[in-house]
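My entries follow the structure.

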Amino acid sequence: EIELKNAREVQRILLPQQDPVIPGFRISGTNLPARIISGDYYDYINLGDEKVGIVIADVSGKGVPAGLLMAMCRSALRSVATGETSPSTVMAAVNRQLFPDIREDMFISMAYGILDAKNEKLTLSRAGHEPALLFRRASGDVELLRSPGLALGIDSGVVFERVTQDQEILLTSGDCVLLYTDGVKEALDDLEEEFGMERMREAFRQAAPQGAEAVLDRMQAELKQFTGEGPQFDDITLVAIEKR
């Protein structure tokens, strides 16, 4: 138990200690592990020239194996992200690094975006990850960002690189993007009903006009109210990106 707690402390240090400061944007993220060791991961990578890489990932499985793979994924991503403008290209390089060392029964779903503050755009790629949510201030609507992509660790590279593609999103004042792991929509109440996509979309739609921090606060409050005193079965990670 002591060793696991020490490992959790190391893992906590690997997560962002603070949210990045980007001109014209506000970014907020959080990680809520279901166990001592989390298989979820998020990170910010300073790419210079008012650009930041934003990643969220979910390793299949739980516990120590998932936590170790998460740490490997973080190191691989940081080693290839600098100087690259295509999120899909970055994830393809990560996949090629990790594939030989991933067990056959494990994989990683990931979403990686490059936020370009100067051009007010987010270039996003999904490797088998949950579709991001986009709130448009002008219409009040919530869209699903569904760029195609294959999870890391399933294919050695050729198929992954053919399938996984970038999606460019231009952001205007008041728009907000939410990245999340499946522990959010799959949270269960005492009747074993899932929180689900519709509840999540509605909570996001109502909170997004108040900004990134409000989105995270609202989502966590809604989840707590829904699940009550029941246990948290899966890791929960959220990252909100708000255009001021």
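I counted two strands as paired if DSSP finds at least two bridges between them. Helices (H or I, at least four residues) and strands (E, at least two) are DSSP runs, numbered from the N terminus.

The model is predicted: local features need pLDDT of at least 70, side-chain atom pairs count only at pLDDT 80 or more, and totals for chains, interfaces and linings use all residues. Residues are numbered from 1 along each chain as its sequence is written, and side-chain values use heavy atoms, with hydrogens and water left out.

Entry on the sheet. I found an open sheet of 5 strands, ordered β3-β4-β5-β6-β9, with antiparallel pairing. β3 (40-48) and β9 (166-170) are at the edges with a single partner strand each, so one side of each has no neighbour in the sheet. I looked up the contact of β3 with β4 (residues 51-59): 8 bridges join the two antiparallel strands. In this pair, N46 stands opposite V52 of β4.

R78 belongs to helix α2 and D43 to strand β3, so the pair ties together parts 35 residues apart in sequence.

For accessibility, buried means under 20% relative accessible area, exposed over 50%, and partly exposed in between (1.4 Å probe, protein chains only). D43 is buried at 2%, whereas R78 is partly exposed at 35%.
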